[in-house]
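User: I am new to this structure and would like to learn how to read it feature by feature. Could you take me through it with care, giving the general idea before each case?

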Amino acid sequence: MAQAKGILQIPDDPRYLDMAYDVQGAVPEEERNLISNLSPQDRETAIKFWQAVKSDFRYDEYLRGCLNCGVCTSGCPAAKFYDFGPREMIQYMMRDEVDKIWEFTNKKVWACVQCYTCSMRCPFNNEIAGLIMLLREYSVQFALPSAKEILAPYRRVLYTVLTMGNQVTPDMIQPDSFPDWGPQAVEESKNMDVYRKAIPVDLMQRTDIGWHPSLQTAVEMMTIMIESGVMDSLKGVDKDLYDMIMDIYEDRKSQLEEIKEKWEKGELDENELPDSWLDL
């Protein structure tokens, strides 16, 4: 198609008008999008961040296209209360708008409640909630300020998951720990011991831990977290918690190796076995 009169070169950018128009250029409300408002350092990080997201094998599977119909946002519960919309994110991704994706990730992506309503309703079968999870995962890997801020209140949950294999322990169901649960949490916390002991499954009648793995299971579980890169991601967003968990891991690993060594030599005294790896 012939180039429009008066235009020497049209940028490779979908925000420019169709060649059928006599006048070419960015529409007024999007002129600001063609100029980066980020500092050179943030711009460089934003580009690397977006390249990492796009290079993930899940990205091509999750993003198929967009009709800009708005069905995803119309059914989004978070969009009703926050300045957040799945369609906004999809449009930025389709246009490779690095700055806008960076802004969305730092300010809005954590508003998603992962209900997957957007994914179920999308006529193009986009895995929109999965794309949001990608942005979240890489925001943790890149140790973005938003990731550090959002994960800070969950330090105890992270500690519990990585050291005990439990997401929430019964004794955490306390009004002070979960103020957003409202007055019902107060009533539930009053009888937590009774509820716990009434569970038919043998859970050792404990309220400080959901289940009771062996020392070897605990070490194996933490080893998986290290080898899979989970601990490396945690190191970027919470160095103190990372150091604490790694110290616990090294102590338990040494204890387990000592027990195995004595067992192989036939020198193991059963009295040396810990009643609980929590006692280590």
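This is a predicted model: local features need pLDDT of at least 70, side-chain atom pairs count only at pLDDT 80 or more; totals for chains, interfaces and linings use all residues.

User: Which helices and strands does the chain contain, in number and in order along the sequence?

Analyst: The chain has 14 helices and 0 strands, and its pattern, read along the sequence, is accordingly written α-α-α-α-α-α-α-α-α-α-α-α-α-α. As for burial, 36% of the 280 residues in the chain are buried.

User: How do the axes of helix H1 and H5 cross?

Analyst: For a pair of helices one looks at the approach of the axes and at the angle. The axes of helix H1 (residues 40–55) and helix H5 (98–107) come within 9 Å and cross at roughly 85 degrees; an angle of 65 to 115 degrees counts as roughly perpendicular, and H1 and H5 are therefore roughly perpendicular to each other.

User: Which residues meet where H1 is in contact with H5?

Analyst: From H1 come Asp42, Arg43, Thr45, Ala46, Ile47, Phe49 and Trp50, and they meet Val98, Asp99, Ile101, Trp102 and Thr105 in H5. By class, the residues of this contact comprise 7 nonpolar, 2 polar and 3 charged.

User: What lines the second largest cavity?

Analyst: The second largest cavity, with a volume of about 70 Å³, is lined by 14 residues, and the closest to its centre are Cys76, Cys112, Val113, Cys115 and Cys118. Helix H6 (117–121) and helix H7 (128–141) each supply at least two residues of that lining, which divides into 12 nonpolar, 2 polar and no charged residues.

User: Where is Cys112 placed, and is Cys112 buried or exposed?

Analyst: Cys112 is in the loop between H5 and H6. A residue counts as buried under 20% relative accessible area, and Cys112 is buried because its relative accessible area is 12%. Leaving aside neighbours within four places in sequence, Cys112 is in contact with Phe84, Ile132 and Arg136. Cys112 and Tyr82, although 30 residues apart in sequence, are 9.5 Å apart in space, C-alpha to C-alpha.

User: What is the phi of Asn68, and what is the phi of Ala143?

Analyst: Phi is a backbone angle that can be read residue by residue. For Asn68 phi is near 60 degrees, a positive value in a residue other than glycine; Asn68 is found in the loop between helix H2 (57–62) and H3, and with a relative accessible area of 39% Asn68 is partly exposed. For Ala143 phi is near 55 degrees, again a positive value in a residue other than glycine, and Ala143 is found in the loop between H7 and helix H8 (145–151).

Conventions
Residues are numbered from 1 along each chain as its sequence is written. Side-chain values use heavy atoms; hydrogens and water are left out. On a 1 Å grid over the protein atoms alone, a cavity is a set of points where a 1.4 Å probe fits but cannot get out, and a pocket is an open set with protein on both sides within 12 Å along at least five of seven lines; lining residues have an atom within 4 Å of a point. Grid points are joined across faces, edges and corners, and a volume is the space filled by probe spheres set on the points. Helices (H or I, at least four residues) and strands (E, at least two) are DSSP runs, numbered from the N terminus. Ala, Val, Leu, Ile, Met, Phe, Trp, Tyr, Cys and Pro count as nonpolar, Asp, Glu, Lys and Arg as charged, and the others, Gly among them, as polar. Buried means under 20% relative accessible area, exposed over 50%, partly exposed in between (1.4 Å probe, protein chains only). Contact means heavy atoms within 4.5 Å. Axes are lines fitted to C-alpha atoms, for helices over the stretch in contact, and angles run from 0 to 180 degrees between N-to-C directions. Angles under 35 degrees count as roughly parallel, over 145 as roughly antiparallel, 65 to 115 as roughly perpendicular and the rest as oblique.
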